[in-house]
Amino acid sequence: MALLKQLSTDMISAMKNRDKETLGVVRMLKAAVQNAQIEAGHDLTPDEEVAVMSREYKQRKESLAEFEKAGRQDLVDKTNAELKIVAKYMPKQLSADDVLKIVNDTIAQVGATSMRDFGKVMGAVMPKVKGQADGKVVNQAVKKALSNK
């Protein structure tokens, strides 16, 4: 619920400052949170709020990759601006070194010895880094750590 209040406050601030770009993104984020709340049938927990923000961030990252492939610099710039706004509502992201440390600790915990244990390691790591690291980064870290075994 704190996220919804923050989004409302930022939306009012963007209206007062006549910041159309920020206003549009904040409205989309607020709508996404409200829709998730309606689907859940209750106020969202902080973890559920992070999941919604992560989904919105991921969608924009995927769009950015597609726009870059298509050579649409106008859309790349717009999407980069949106990503910066969405990032303000995300938890602090872990560095690649932090992710690798968590992965190595988890490999030791689950007793993984080869690439065959990839799914087991991923299943144990993802809840630990939920919202704080991109799945692709975690995937690469697990592959790197397991290939050294």
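**The α3–α4 pair**

A: Helix α3 crosses helix α4 with a left-handed sense (the near helix is turned anticlockwise from the far one by less than a right angle; clockwise is right-handed). Helices here are DSSP runs of H or I of at least four residues, strands are E runs of at least two, and both are numbered from the N terminus.

This is a predicted model, so local features need pLDDT of at least 70 and side-chain atom pairs count only at pLDDT 80 or more, while totals for chains, interfaces and linings use all residues. Residues are numbered from 1 along each chain as its sequence is written, and side-chain values use heavy atoms, leaving out hydrogens and water.

The axes of α3 and α4 come within 9 Å and cross at roughly 160°. That makes α3 roughly antiparallel to α4. Axes are lines fitted to C-alpha atoms, for helices over the stretch in contact, with angles from 0 to 180 degrees between N-to-C directions. Angles under 35 degrees are roughly parallel, over 145 roughly antiparallel, 65 to 115 roughly perpendicular, and the rest oblique.

From α3, Met53, Tyr57, Arg60, Lys61, Leu64, Phe67 and Glu68 take part. They meet Leu75, Val76, Thr79, Asn80, Glu82, Leu83, Val86 and Ala87 in α4. Contact means heavy atoms within 4.5 Å. The residues of this contact divide into nine nonpolar, two polar and four charged. Ala, Val, Leu, Ile, Met, Phe, Trp, Tyr, Cys and Pro count as nonpolar, Asp, Glu, Lys and Arg as charged, and the others, Gly among them, as polar.

Now α4 itself. Helix α4 covers residues 73-87. Its 15 residues should span 21 Å at 1.5 Å a residue, and its end C-alpha atoms are 21 Å apart, which agrees. The expected span is 1.5 Å times one less than the number of residues. Val76, Thr79, Glu82, Leu83, Ile85 and Val86 are buried in α4 (under 20% relative accessible area, with a 1.4 Å probe and protein chains only). The buried residues of α4 pack against α2 (20-40) and α3 (46-70).

The setting is helical. The protein has seven helices and zero strands. Of its 149 residues, 33% count as buried. The C-alpha trace spans about 55 × 40 × 25 Å along its principal axes. Residues 24 or more positions apart account for 58% of the contacts with a separation of 6 or more.

Note on methods. Buried < 20%, exposed > 50% of the residue type's maximum accessible area, 1.4 Å probe, protein only.
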